[in-house]
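Please keep the sequence and the 3D view at hand while reading.

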Amino acid sequence: MTIVPETPSRLVVIHPLVVRVTHWINAVAVFCMLFSGWAIYNASPLFPFAFPKWATLGGWLGGALAWHFAAMWLFALNGLAYVAYGLLARHFATSFLPLSPGAVWRDARAALALRLSHRVGRYNAVQRLAYLIAIALGLLLVASGCALWKPVQWQSLANLFGGYEWARRVHFFAMAGLAGFILLHLALVIVVPRTLLAMITGRARVTEETVR
């Protein structure tokens, strides 16, 4: 009988403490902003539909606005800390780059064919693109939100979006895009549940082949 030796493995840090803390703070802030934002939307809908009451936060318009603005500050300050860390510690450069259309197309085809391998701690090209889009949507949400919050004081910012009403639409679709990213993110966690534990502890067991 031939004994196949086990591939050596070890625990490595794949998510630094700053990334983990900002990730979970961001999760709380985003969900508060989404649910309170849907309550605000219901008070003055842009389109002929409304969000169900169970999916809203705040109870009434004033309460929803209070929740939304509180979460907005948490989201903005936490995002600022994450972006600063990402640039100064080269987290963005090492985690999200390089990225090319060819790599995205290759990994997207592999994912659709259910042949895309996943290595904990390393993002494939589709994931890298999704995270960069999510960061861009977050910046767009903050900018359009400020234009809606202070349309007179920040009239120049509101004008960049084409005025108050267009800023509302930009804010809505940026929110929809971020909600779509969250659904994709949760789906990947369900498919590869060990990624959730890694985001809590910061560590994951990887084989020596994966490390190389």
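## A nonpolar surface patch

Helix α1 gives the most to the nonpolar patch, with 4 residues. Helices here are DSSP runs of H or I with at least four residues, and strands are runs of E with at least two, numbered from the N terminus. The patch on the surface is formed by Leu17, Val21, Ile25, Val28 and Leu74, which together have about 400 Å² of accessible area. Of these, Val21 has its place in helix α1.

Patch residues have over 30% relative accessible area and no salt bridge; like charges are joined within 9 Å, and nonpolar side chains (Val, Leu, Ile, Met, Phe, Trp, Tyr) within 5 Å. A salt bridge is a side-chain nitrogen of Lys or Arg within 4 Å of a carboxyl oxygen of Asp or Glu. Accessible areas come from the Shrake-Rupley method with a 1.4 Å probe, and for residues only the protein chains shown count as cover.

## Basis of the values

This is a predicted model: local features need pLDDT of at least 70, side-chain atom pairs count only at pLDDT 80 or more, and totals for chains, interfaces and linings use all residues. Residues are numbered from 1 along each chain as its sequence is written, and side-chain values use heavy atoms, with hydrogens and water left out.

## Packing of α1

Helix α1 (residues 17-43) packs against helix α2 (residues 61-88) at an angle of about 150°, and their axes are 8 Å apart. Axes are lines fitted to C-alpha atoms, for helices over the stretch in contact, and angles between N-to-C directions run from 0 to 180 degrees. α1 and α2 are therefore roughly antiparallel (over 145 degrees; under 35 is roughly parallel, 65 to 115 roughly perpendicular, the rest oblique).

The axes of α1 and helix α7 (residues 164-191) come within 11 Å and cross at roughly 130°. This pair is therefore oblique.

## Two loop details

The peptide bond from Leu97 to Pro98 is cis, with omega near 0°. Pro98 lies in the loop between α3 (91-96) and α4 (101-112).

Arg90, in the loop between α2 and α3, has a positive phi, near 60°. Most residues other than glycine have a negative phi, and most peptide bonds are trans.
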